[in-house]
Amino acid sequence: MLKIGEFSKLSRISIRMLRHYDEAGILKPQSVDTVTGYRFYGEQQLLHACKIQTLRQMGFGAMPLVRF
């Protein structure tokens, strides 16, 4: 599993946007530490992040991505 900072660098999605995507239900972390609240992402989620980035570059807003 990847910490949010590592996932951010690999996916080229800012930590702020990853938190936003989590709250919006677009890209939920694989697990969240119950004590610290720290988010952890799986390597397989990088493909999903790439798809989100592609759709954003095509002009889709965040809310239509929830249906994705």
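The model is predicted, and the protein chain has a mean pLDDT of 90, with 90% of its residues reaching 70 or more. The chain holds four helices and three strands, which follow one another along the sequence in the pattern β-α-α-β-β-α-α. Of the 68 residues in the protein chain, 34% are buried. Among the contacts with a separation of 6 or more, 45% are made by residues 24 or more positions apart.

**Confidence**

- Confidence is highest in strand β3, at a mean of 98, and lowest in helix α4 (residues 62-67), at a mean of 57.
- Where pLDDT is low, the predicted coordinates should not be read in detail.

**The sheet**

- The three strands form an open sheet in the order β1-β3-β2, and their pairing is antiparallel.
- Strands β1 (2-3) and β2 (31-32) stand at the edges with a single partner strand each, so one side of each has no neighbour in the sheet.
- Strand β2 is joined by two bridges to strand β3 (residues 39-41), and the two run antiparallel.
- Ser 31 stands opposite Phe 40, which belongs to β3.

**Helix α1 and its two sides**

- Within α1, the buried residues are Ile 4, Phe 7, Ser 8 and Ser 11.
- These residues cover an arc of only 105 degrees around the axis, which means that they lie on the same side of α1.
- The face of α1 that is turned away from this buried side carries Lys 9 and Leu 10, which are exposed.
- The buried residues of α1 pack against strands β1 and β3 and against helices α2 (15-24) and α3 (45-57).

- The phi angle of Arg 12 is near 60 degrees, which is a positive value in a residue other than glycine.

- Within α2, Met 17, Leu 18, Tyr 21 and Asp 22 are buried.
- Seen down the axis of α2, the buried residues fall within an arc of 145 degrees, so they line one face of the helix.
- Arg 16 and Glu 23 are exposed on the other side of α2.
- The buried residues of α2 pack against α1, β3 and α3.
- Just after α2, Gly 25 takes a positive phi of about 80 degrees.

- Leaving aside neighbours within four places in sequence, Phe 7 is in contact with Leu 2, Arg 12, Leu 18, Leu 27, Tyr 41, Gly 42, Gln 45, Leu 46 and Ala 49.
- One of these partners, Ala 49, is 42 residues away from Phe 7 along the chain, and yet the C-alpha atoms of Phe 7 and Ala 49 are separated by 9.4 Å.

**Aromatic pairs**

- A pair of aromatic rings is described by the distance of the centres and the angle of the planes.
- The count comes to two aromatic pairs.
- In one of them, the rings of Phe 7 and Tyr 41 have their centres 4.5 Å apart and their planes at 15 degrees, so this pair is stacked, given that planes under 30 degrees apart count as stacked.
- This pair links distant parts of the chain, with Phe 7 in helix α1 and Tyr 41 in strand β3, 34 residues apart.
- Both Phe 7 and Tyr 41 are buried.

**The largest nonpolar core**

- In soluble globular proteins, nonpolar side chains tend to be buried together.
- The largest nonpolar core has 12 residues in all, including Phe 7, Tyr 41, Leu 2, Leu 18, Leu 27 and Ala 49.
- Helices α1, α2 and α3 are the elements that give two or more residues to this core.
- The largest share of this core comes from α2, which gives three residues.

Conventions:
Residues numbered from 1 in each chain as written. Heavy atoms only, no water. Contact = heavy atoms within 4.5 Å. Pairing = 2+ DSSP bridges. Phe/Tyr/Trp six-rings, centres within 6.5 Å; stacked < 30°, edge-to-face > 60°. Buried < 20%, exposed > 50% of the residue type's maximum accessible area, 1.4 Å probe, protein only. Arc of directions from axis to C-beta. Core = buried A, V, L, I, M, F, W, Y, C linked by side-chain atoms within 4.5 Å. pLDDT = per-residue confidence, 0-100.
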